[in-house]
Each structure stands twice: as structure tokens, then as C-alpha cells.
Amino acid sequence: MNGEVVGQVKSKAEATEIISGAEKRLTKILGYDYSLGGAVSVSADLGEAGSRRDEVETAIIAGVSGVRGMYAMEVGGEIAGASENPEELFGVLKDIIAEYTTENTTDIKFMDNITVRQAFVSADTCMDMSLLRTLLEPSNKSSKYALTVESTRKERRTEDVPFTIEEREDDTIYVGDSYVFTPGEHGQTLITESNTYINGVLRSALVLDSVVIKAPVTQVVAVGTKPLSRSVSASAGGYIWPAAGVITSGFGYRQLSGRAPEHHKGIDIAGVRGQSIVAAADGVVTYAGILSTYGELVKIQHGNGDETYYAHCSRILVSVGERVSQGQEIAKMGMTGNATGVHCHFEIRKDGTPVNPLDWLP
Ligand SMILES: [Zn+2]
């Protein structure tokens, strides 16, 4: 071949077999049907038929221009790149491992079948190590040689521990009301996990250890047990009930979910829309209209200087300056202003200060 003897074999038939074997390998290396044509000649000669078939085949392949014997990196049985120096190929793999290693990494490996070995490669094989790095990059979705890196990391995180709520009965608070004495606080748990990542994306987690580093604080809530009066009957302390219904919220401090404790300046009497609201005592109307969170509001000034409020009305039936008598219908029940249900918010104010209406109603 090319004027040099590449081997001696016993017969012409064997030489033909070797040439056709070499052509098959070259076809695979170069990626197209390759024929040696007249490049290899066979001639009879005296001497020893001492050459091994694979050595002759290799010598023929090495003699073809455009074919180079190098170190090749195969991924899944296909050559991804080649170099004269195998350390360059290993260096690319180490780069990728370094990219996916953190200070918490306990184990890291490629999931692919990667081999580096001596092989004949065609001239158009990737021999540029930075290009090979790009071809092997696990996040490179357009490369068929993109590798898969599985790593395990030992990581810590904290998790909130919910607090418990303890209810204590309190007979100074009306039924239906409650007050938070001690606000609850979340606790914290430190969790140590062994996390498995594929190409840097968390796949599975295994809890190794869990330690409470801050205990939760129990929330203590006072729950009212003081009975509510529900009767609408004759006047005792000068007043009658402005409406019939269930008292859904008493006078004093109360806590609505998600809000700060607030002072409730009256009582809430729940009823149905359009139900009658009557004057609790004789008096003169001093306000009849909308007033911020009260919604539609009626205020009545009484002879003793007290003032009563009737709020969240759906309709007002009196006007300012009008004289009203005890039991006279002054408005219809509704839920205007800041109200979550149909009710009459009723206040009694003495010298402008709200007092507990239940102390003054029959
Ligand atoms: Zn109210």
C-alpha cells in the first residue's frame, strides 16, 4: 500500500477478506461507503506468511488519508470527540463534574456510558476541546452527546412548626366572643436531607435528621361563656330592646380572625333584612344617614342626655330633628357599612362614652 508492504498472508483470498474488512471499518469511521479501490495491491512472494490479520487491517486503515489514530471519547458507543492526549478528554469531563459540584455534594457521577480509548477517527471528528465541552454540557438540549450528571448533596433547611391553640373559658366575655391573651408563635425545625439532583435539578429527597431548634408558643384564647340576653320585653332601666334577635357579638374587646383586637362599642343583634328597628326610648333624632363603617345610622338623643345608635340599617324611616317615642319603628335592619351579616349594631352612650347596653336593657 502506497509503496510499502503492510503484511504477508497465506493466500490471495485471505488478502481480499482483509481488504474488505478494512473497507467496512473505514466506512464506519468516515461515515460514507468507502472503497480502497486500487490503493492496496496484492502480489505473490516467497517468504513467511507471518502477519496477523488484524494487524494488516489496522496498517491499511492507518494508511488512508483523512483517517487518524487518536484517543476517542465515546458516549453511548458513538464518538463525540478525539484528542492526541487522553488527559484533555478527561479534563473536559472533570470540568463538567466541577460545574455540578457544590460544597454540599457528597457523591457525583455521570449516568452515561463513557469510554476513552485509542481509535481511528475521521478528520471531521470534534478535536476542539471547548467545542467538545459544549457538546457534552448536560444542559445542551440540542446535542445528542449531552451528558447526564447525578449528584447527591447533604443539605439543611428550616421548616415552620405550627402552634397549637388553647381555649380557656371566661365568664366575663359574652358567648360568641373571644380574646387572644397570648398570641401563638411558630416554632422551627432544622431538617438535614440527602438530596439527589439530576443535572442540578432536585429529583428526590431523603430526610436524615430533624431537630426542633425553636419550640412553638401555644396561643391562649379566652372564650366567652357569659350568657346573652335575647328577650325583647318591657322597659326596665328606661330602655327597651331595639330589635328582636340573637346577640352575635357583645360589648367590649373582641378578636375577629385576621385582625387586631378591637373594642366593640355596642352589641350586635342579628335578624332578617327589613326587620323593624325601634327607638329604645323617647327622644329626638340627631343623625339619620350614612356614617363610615356604621353604614346607614340613626342616632337618638334622650331626655337624660344619653344617646343611642342603630347601625347597618337597610332603610331609615326618620329624619334629623324628628321626635320619636319608645317602640316607634325608626329603621329597617340591613348590613350597610362594615357588616358581614344582617344585624342591628346598638350602642348606648353616656356623656359620649359607650357603655354596655346589656347593663341598661331589660
Ligand atoms: Zn357591632
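**Ground rules**

I took the model as predicted, with local features needing pLDDT of at least 70, side-chain atom pairs counting only at pLDDT 80 or more, and totals for chains, interfaces and linings using all residues. I number residues from 1 along each chain as its sequence is written.

**Helix 1**

I looked up helices (H or I, at least four residues) and strands (E, at least two) as DSSP runs, numbered from the N terminus. I checked the length of helix 1 (residues 12-30) first.

Next I looked up burial. I call a residue buried if 20 or more other C-beta atoms lie within 10 Å of its own, exposed if 12 or fewer, and partly exposed in between, with C-beta atoms placed from the backbone. In helix 1 the buried residues are Ile18, Ala22, Glu23, Leu26 and Ile29. Down the axis of helix 1 they fall within an arc of 145° (taken from the directions from the helix axis to the C-beta atoms), so they line one face of the helix. An α-helix has 3.6 residues a turn, so residues three or four places apart point the same way.

On the face turned away from the buried side of helix 1 I found the exposed residues Ala13, Ser20, Lys24 and Lys28. The partners are helix 2 (53-62), strand 1 (67-75) and strand 4 (114-122). Just after helix 1, Gly31 has a positive phi of about 85°.

I count two strands as paired if DSSP finds at least two bridges between them. Strand 16 (residues 283-290) runs antiparallel to strand 17 over six bridges, with Tyr287 opposite Lys299 in strand 17. Five residues separate these strands in their hairpin, where Ser292 takes a positive phi near 35°.

Strand 17 (residues 296-301) is in turn antiparallel to strand 18, over five bridges. Lys299 faces Tyr309 in strand 18, and Glu296 stands opposite Cys313. This hairpin also has five residues between its strands, and Gly305 takes a positive phi near 95°.

Strand 18 pairs with strand 22 (residues 343-350) as well, antiparallel over five bridges, and Ala311 stands opposite His345.

Last, I looked up burial of the strands. Five of the six residues of strand 17 are buried, so strand 17 is largely enclosed by the rest of the structure. Strand 18 (residues 307-313) has six of its seven residues buried, so strand 18 is largely enclosed too.

Definitions and conventions
Two residues are in contact if their C-beta atoms, placed from the backbone, lie within 7 Å.
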